[in-house]
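Please have the viewer open as you read.

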Amino acid sequence: MSSISKPSVRHPSAQKNQIGLSKADYEGAMSTLCAGCGHDSVTAALVQAFWELDLPPHRAAKMSGIGCSSKTTAYFMKQSHGFNAVHGRMPSVTAGANAANRELTYIGISGDGDSLNIGLGQLAHAIRRNVNMLYVIENNGVYGLTKGQFSASADLGSMSRKGEVNEQTPIDPVLLALTLGATFVARSFSGDKSQLVPILKAAMTHRGFALVDVISPCVSFNDHEGSAKSYAYMRRHEVETVMTDFVPLRREIKVPETHEEMTVVRMHDGSEVRLHATAPGYNPRSRDMAYRHVQACIRKGEVATGILFIDDAGRCMHDMQRTVPTPLAHLPFEQLCPGSAALNHLMERYR
């Protein structure tokens, strides 16, 4: 995690929300991610969403695993609780924390590698348990922290910076969540803040597991080997004087507001991403319709975005486990541990 702090100077006329905080009060440390990284746009959207929701930062818990995406939790709401778990283990740690204190707001930030490779089993069971949390996947299709290996969400036929072609079928987190029974499923693009902020706000107010898959490009590993300014070319021709690392500056990609059915976004490497809004008459409460819509977009080479499915009648983890209304963290020790006599009485049932 970064230890760089932003200046504490606040403009006296900065707009305040209902609890008297400005947007700067929802920020965290200075980002150390690559310039132009889509993850920083997700951070900005999170700051905007939580500020607009009047969420008290000290009543939230930010959870993460390992990867570029998991650094995001350091960059917003520095007054919140936080836990950086082992790679892929964030969902179970969050479920445990939620079981102990149901009154906190839980925000899990993960990546496609953290969630769909090593943590796939953890993600699946968090969905099944319907843990009350916002689960954001910053999805770029590569392991950026370890220099761009394919992750499980890499598209079939896509090429790495080394010219390798991905021959494995990708795991689509949206289709996975719909199949496993998630009660809130959405997808957005990091460059489309006008769409992402409302989705995050809706996900935060959902009771149960809310998955938001955000397509968030990695600017450092999308170059072509044929380029004379590519990493591959430089590694063959460079004469190393001192050991250095360099990440080229890239401008952030933003999508202008539009009412068109499909928006074409040109990426830094010249490739295109096509974002497809849901059609008029689309019913986000139909799981079957959501599944068919996402698959139809995939077959056409498009990316379905928006709130794709929501079921606000589902039972969350506390309903299924019949937990007490008072958070366990607030119960006195005598109630949490009734003593050896009560334990012996309970064990008699099994003898």
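Phe184 has Ala210 as its bridge partner in strand E8. This is a predicted model, in which local features need pLDDT of at least 70, side-chain atom pairs count only at pLDDT 80 or more, and totals for chains, interfaces and linings use all residues. Residues are numbered from 1 along each chain as its sequence is written, and side-chain values use heavy atoms, leaving out hydrogens and water.

**Strand E8**
- Strand E7 (residues 184-189) pairs with E8 in the parallel sense over 6 bridges; strands pair if DSSP finds at least two bridges between them.
- Strand E4 (residues 133-139) also runs parallel to E8, joined by 7 bridges, and Glu138 has Val214 as its bridge partner there.
- E8 (residues 209-215) is largely enclosed by the rest of the structure, because 6 of its 7 residues are buried (under 20% relative accessible area, 1.4 Å probe, protein chains only).

**Helices H1 and H6**
- Helix H1 (residues 38-52) packs against helix H6 (residues 193-205) at about 50°, with the axes 9 Å apart.

**Ser151**
- Ser151 lies in the loop between strand E6 (149-150) and helix H5 (173-180).
- With 7% relative accessibility, Ser151 counts as buried.
- Beyond neighbours within four places in sequence, Ser151 is in contact (heavy atoms within 4.5 Å) with residues including Asp112, Asn117 and Tyr143.

Definitions and conventions. Axes fitted to C-alpha atoms, helices over the stretch in contact; angles between N-to-C directions. Helix = DSSP H or I, 4+ residues; strand = E, 2+ residues; numbered from the N terminus. Buried < 20%, exposed > 50% of the residue type's maximum accessible area, 1.4 Å probe, protein only.
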